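Dear colleague,

I am handing over the structure below, with a short account of what was found in it. Please keep the model open as you read.

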Amino acid sequence: MILQQSLPQVDLDDDILLPSDHCPEYLDALYSLRSICGAWRYLVDGNPSLWKVVCSELPMEVNSAVIAKSGQSPLIVHCSDTRPDLVVEFMELANSQRGRWATASFQFSESDSAASYLADPAPQLQSLSLEGDPLAEGTETSISLLGGQTQNIRKLHILFTPIQWSPNPFTGLKSLKLIEVGIQDGGPTIQHILDILACSPALETLTLSRTELIPTAIEAHSPKLRLPLLKILSFISISAITVEQILDRIAVDPDIVTQIDISLKQSISNASHFLTETLPPFIPVFRSLNKHCDGSTLKVFPSGDFFWRSKIKQGHSFRVRVRGIGTQAFLPWLEQAVGTDGVGVGVLLRLDLYAFTGGDMEMLSIFERSRIVTEVDVTFGLNSSCQDAVLEAVSRIEEVADQAGMVAIPSFPSLHTILLENWTGSLDGIEQALRKRFAKRAMMKAHLPDLLVKISCLRVGERVANDSEGILHYDDTHRIRRIDGVRDFRIGDVPDDEESYAGILAVVWCEGSSLVVWG
């Protein structure tokens, strides 16, 4: 066990597809252990399970030595046609041990070559990776896998490679990845995927990426396919009908799922069904991940598209990219998915206002009363009018009457951080907006969080040289910091690393105004 842990990972997992360089690395490390001393050489040579990797890119004498030392232990076979002159001889050697294949990885520029090596059964094979040519024209031969004897396959990863599909081709899968697998005669259909899921209750990973599936007529009120061990669920640039028909049929455990990715490549034709039938069962999943990842970021567009993603924390994350639903329709579902359990697990709302339009402010206004928005990040363009509009939105207070008298209702009631990028104005507007936001705190029923304000602008030298009238004064920043309700006011260029934000002023002396200024 200790020897095995000192060697590189080469088994097929959900992050790597056994690239060819992993095989030489493994054997280099194995021979290094063997050369330490005579005792280590004896241990390594006497442990057949360590001699498990054969690769078409290694010298034949090395592969022959591995097979000789491996006894009857399972083998990992990697074959690539980057060296066509070696492939035939290598596969003759590998086929002589076909009954011991446990993991096989094939990388071929032409599926015809792979088809000839994958036609026969490999009874002990559990992990299979096929990678074809991403530039193929779609005329590739569909591969018949293992003579149809695929019942022992537990991990199946297919990239750019057409295979022949039949009813229930795989049972008991733990990991299924299809990447850019196009429509071929006879499949794959959505029903093929559903059949696999029905026969794979222990599935842990399902990834469909840029893969075309033929839609299927699904019976109404079909029973849910329960996948209690599913950890990773990814639909990347997939048609809406594919995502809907699969999500409508499966049920997962929210405490088990660590990653979920739903990225649609086209607008949804039936937004109502997607929001009220397809997504609601997954609300507990998103809520759990949002909490675990300490919040998320939402980017919205006037077109009605949105992109919602979490931070990545301890292998947990989610992404949702949907087109054409519209922010107003999407917000109720989002509020349920995030929950309102307090500051710290909310949403960072991001807006790019390079080309400012009325639609941008309409999007911002939709979120004004939502309690899930805890941070706002606005990037401005050259239109200064949008800066005033954003400040107005953040400072808006509505007074309403209730049984206790007049009550003040602030916009963005959970907001604790705002970042204004590419700020070009003075600080007067910011100061006035902040004083207005916190002036009626005593009339508010719910606690209004203190606000961290961050702005980025032109560097000091550029301001002094090009825009002396727009130079921001130190006294203005000091007044903003003293406003009751302002937790801190930070300035400067937006850093790549948030930790470098120290709130330190870059101070210069302006000869023209005889004042200390910053930029």
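Helices α2 and α3 are oblique to each other, a word kept for angles that are not under 35 degrees (roughly parallel), over 145 (roughly antiparallel) or 65 to 115 (roughly perpendicular). Please note that this is a predicted model, in which local features need pLDDT of at least 70 and side-chain atom pairs count only at pLDDT 80 or more, while totals for chains, interfaces and linings use all residues. Residues are numbered from 1 along each chain as its sequence is written, and side-chain values use heavy atoms, with hydrogens and water left out.

To return to that pair, α2 (residues 22–34) packs against α3 (residues 38–45) at an angle of about 135°, with the axes 7 Å apart; axes are lines fitted to C-alpha atoms, for helices over the stretch in contact, and angles run from 0 to 180 degrees between N-to-C directions. Leu30, Leu33 and Arg34 of α2 meet Trp40, Arg41, Val44 and Asp45 of α3, where contact means heavy atoms within 4.5 Å. The residues of this contact divide into four nonpolar, no polar and three charged.

For the chain as a whole, there are 16 helices and 24 strands, taken as DSSP runs numbered from the N terminus (helices: H or I, at least four residues; strands: E, at least two). Of the 519 residues, 50% are buried, which here means under 20% relative accessible area, with exposed over 50% and partly exposed in between (1.4 Å probe, protein chains only). Among contacts with a separation of 6 or more, 71% join residues 24 or more positions apart.

Two backbone positions deserve a look. Most residues other than glycine have a negative phi. Arg210, however, has a positive phi of about 50°; Arg210 lies in the loop between β7 (205–209) and β8 (225–227) and is partly exposed at 40% relative accessible area. Asn422 has a positive phi of about 65°, sits in the loop between β19 (417–421) and α14 (428–438), and counts as partly exposed at 37% relative accessibility.

Best regards

Terms used
Ala, Val, Leu, Ile, Met, Phe, Trp, Tyr, Cys and Pro count as nonpolar, Asp, Glu, Lys and Arg as charged, and the others, Gly among them, as polar.
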